[in-house]
Amino acid sequence: MEYSLLGPTGVKVSKICLGTATFGVAPDAQEAGRVVHAALDLGINFFDTANVYGATLTFDRAGAPPATEREPAEQILGRALVGRRDDVVIATKSGERRFDPAAGLSRRYIIHQVEHSLRRLGTDYIDVYYAHFPDPDTPLEQTLMVYDDLVRQGKLRYVALSNHPAWQVTQALWIADDRHLAAAPVCAQVKYNLIDRAGEDELAPASQQFGLSIVPLARWMAGCWPACRSRNGSSPVTGDSPVTGDWWVRVH
Amino acid sequence: MWLAWLLSRPAVASAIVGAETEVEVTANATAADVTLDQAQLDALTALPAGKDS
């Protein structure tokens, strides 16, 4: 396994970060423990989770128990990492509002959610804490000020942004600098793969300019295949017809 | 292959991948160790991008 420096943190993370969004569904809780241990054995030291992963409707799947009966992904991850906590970099998030109208990036919500995440993860600190999605109802300054408090309290080590456009990443850096907050984002998470490369337009140049890392959510969504098929005559790499699916499989 | 490409892109430090089994996590970790030459990287970069759903 190779390692990268994560933004300006000085912390080295494995180039593969294990995502846990579907922990408790597939893999189920027991298998998830084995997946985490296999990841550790492979040299993976970077684990990505969120307050909503695992036990919310987003991750429902036929054959899996209903969301209310599933264990949150953070809890499964925390249990799997018992005894290894200080060897790994745990990233978690809050702020997704899809199934929770009270969610967002307010001081009130974030403080609650950090406490819940610490308890579920079974740790007293979070290495990287993301704002999961932008919150148009909360000034970014308020969010960064509560992050700064939590960093100074020792509950968070670093702060980051997920699904935020480049201009908001830049605004966050500006506010943190202006206010001397220990809450300048160190990395930006974005959906990014061979097909979906919107992050290359603005986010990548901004991240390079300001020394942040990009942490792509590299999941290849089901929509890839029709998207490929509708756009291409044949693969520029292999010449295969996309209709056969050959080139998709090879590229993948 | 595409994971190795992704890791070669500017500012990218680490790629988040899910895994449902031990086999999948091993496959993903191995994929990250693939070394692509410049021609392969360029060919992948030249693929038409779009909007994944």
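Colleague: Which residues does A:Ser4 touch, not counting those up to four places away in sequence?

Modeller: A:Ser4 touches A:Lys12, A:Val13, A:Lys15, B:Ala13 and B:Ser14. Two residues are said to be in contact if their C-beta atoms, placed from the backbone, lie within 7 Å. This is a predicted model, in which local features need pLDDT of at least 70, side-chain atom pairs count only at pLDDT 80 or more, and totals for chains, interfaces and linings use all residues. Residues are numbered from 1 along each chain as its sequence is written, while chains are lettered from A and ligands numbered from 1 in the order in which they are written.

Colleague: Why is A:Ser4 called partly exposed?

Modeller: A residue is buried if 20 or more other C-beta atoms lie within 10 Å of its own, exposed if 12 or fewer, and partly exposed in between, with C-beta atoms placed from the backbone. A:Ser4 has 17 such atoms within 10 Å, and is therefore partly exposed. A:Ser4 belongs to strand 1 (residues 3–5) of chain A; helices (H or I, at least four residues) and strands (E, at least two) are DSSP runs, numbered from the N terminus.

Colleague: What makes strand 3 of chain A and strand 1 of chain B a pair?

Modeller: Two strands pair if DSSP finds at least two bridges between them. Strand 3 (residues 16–19) of chain A and strand 1 of chain B have three bridges, in the parallel sense, and they therefore meet that definition.

Colleague: What is the extent of the contact between the chains?

Modeller: In total, 34 residues of chain B are in contact with 52 residues of chain A. Helix 2 of chain B gives the most to the side of chain B that touches chain A, with six residues. By class, that side has 23 nonpolar, seven polar and four charged residues. Here Ala, Val, Leu, Ile, Met, Phe, Trp, Tyr, Cys and Pro count as nonpolar, Asp, Glu, Lys and Arg as charged, and the others, Gly among them, as polar.

Colleague: Why is strand 7 of chain A described as largely enclosed by the rest of the structure?

Modeller: Six of the seven residues of strand 7 (residues 156–162) of chain A are buried, so the description applies. Strand 7 of chain A pairs in the parallel sense with strand 6 (residues 126–131) of chain A over five bridges, and with strand 8 (residues 185–191) of chain A over three bridges.

Colleague: What makes the crossover from strand 6 to strand 7 of chain A right-handed?

Modeller: With the strands pointing away from the viewer, the path from the first strand over the helix to the second must run clockwise. The crossover through helix 4 (residues 140–152) of chain A is right-handed. Strand 7, helix 5 (residues 166–179) and strand 8 of chain A also make a right-handed β-α-β unit.

Colleague: Which residues have the most contacts inside the largest nonpolar core?

Modeller: They are A:Ala160, A:Cys187, A:Ile214 and B:Ala15, in a core of 85 residues. A nonpolar core is a set of buried Ala, Val, Leu, Ile, Met, Phe, Trp, Tyr and Cys residues joined through C-beta atoms within 7 Å.

Colleague: How do you know what confidence the predictor has in chain A?

Modeller: The pLDDT is the predictor's confidence in each residue, from 0 to 100. Chain A averages 89, and 87% of the residues score at least 70. Over residues 221–252 of chain A, however, pLDDT stays under 50.
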